[in-house]
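Dear colleague,

I am handing over a structure for you to look at, and below it I have set out what was found. Please keep it open beside the text as you read.

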Amino acid sequence: MSTENPRAGEQAAAPALGLLPTLDAPAPERADAARNRRRILDAAARIVAEQGPDAVTMNQVAHASGIGVGTVYRRFGDVSQLLWALLDDRERQFQEAYMSGPPPLGPGAPTAERLDAFLDALVDRVAEQREILLAAHSAAPRARYHSGAYRVMHTHVALLVGRLRPGSDGALLAHLLLAPFSPDVMHHLAVEQELSGERLKAGVRELLTLRQDG
């Protein structure tokens with residue numbers, strides 16, 4: 001595998017992230033292209049998990065995936081596009097899980113259990129992608145609410161809330177339920193306050209039942 005960088009002057013740090021694109025349906029791929037894409041994204045995910053998004057370079061991803069760096073460049077263009085593709089890929093997996101996966105996250109479980117499962121899974125997803133999400137949030141704090149990923153999540157939560165509380169303002173309540181999952185809030189709680197994922201999940205559930213306990 002060639003490790004020569006076809007673009008001179010590549011920086012080690014990832015460039016500033018722009019807005020999260022909407023989740024359009026991916027174009028059909030040949031089987032070998034799909035396998036390469038999966039290997040590249042999995043390699044990028046490992047680097048982010050172990051070293052953070054600023055450690056990602058195209059050369060590193062090529063080496064970790066066993067795919068030529070020229071192929072990585074042709075497929076993703078630059079580090080910023082690769083990181084957005086990684087976020088998009090993880091968001092697609094998350095969406096598939098809560099829209100069509102097995103219960104309780106997917107269809108088939110009671111509505112209250114589905115909402116609990118969704119919020120638990122969202123804690124895990126934000127924790128997994130926290131540094132990339134935080135970089136995106138810092139670059140454009142309000143962009144989260146206009147992204148395709150947020151709109152799909154909001155619609156899903158609003159539907160669940162509407163089933164649990166017929167006649168309630170499901171759209172508003174869905175925004176309020178999703179508000180604590182803003183990357184800066186979750187970073188503060190998980191990193192600065194050193195709260196575990198399990199404690200965060202328990203706190204969200206307790207918040208939902210606070211009025212009932214009074």
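Phe 94 and Tyr 98 are about one helical turn apart, because they sit four residues from each other in helix α4 (residues 79-100). Please bear in mind throughout that this is a predicted model.

A search of the whole structure finds four aromatic pairs. One of them joins Phe 94 and Tyr 98 in an edge-to-face arrangement, with 5.0 Å from centre to centre and 75° between the planes, and both Phe 94 and Tyr 98 are buried. Phe 94 also pairs with Phe 118, and here the rings are stacked, with 5.6 Å between the centres and an angle of 20° between the planes. Since Phe 94 lies in helix α4 and Phe 118 in helix α5 (residues 111-128), this pair ties together parts that are 24 residues apart in sequence. Phe 118, like Phe 94, is buried, and the ring pairs link Phe 94, Tyr 98 and Phe 118 into a cluster.

The other finding concerns open space: the largest pocket holds about 580 Å³.

With best wishes

Definitions and conventions: Residues numbered from 1 in each chain as written. Predicted model: local features only at pLDDT ≥ 70, side-chain atom pairs only at ≥ 80, totals over all residues. Heavy atoms only, no water. Phe/Tyr/Trp six-rings, centres within 6.5 Å; stacked < 30°, edge-to-face > 60°. Helix = DSSP H or I, 4+ residues; strand = E, 2+ residues; numbered from the N terminus. Buried < 20%, exposed > 50% of the residue type's maximum accessible area, 1.4 Å probe, protein only. 1 Å grid on protein atoms, 1.4 Å probe; cavity = no way out; pocket = protein on both sides within 12 Å on 5 of 7 lines; lining within 4 Å. Points joined across faces, edges and corners; volume = space filled by probe spheres on them.
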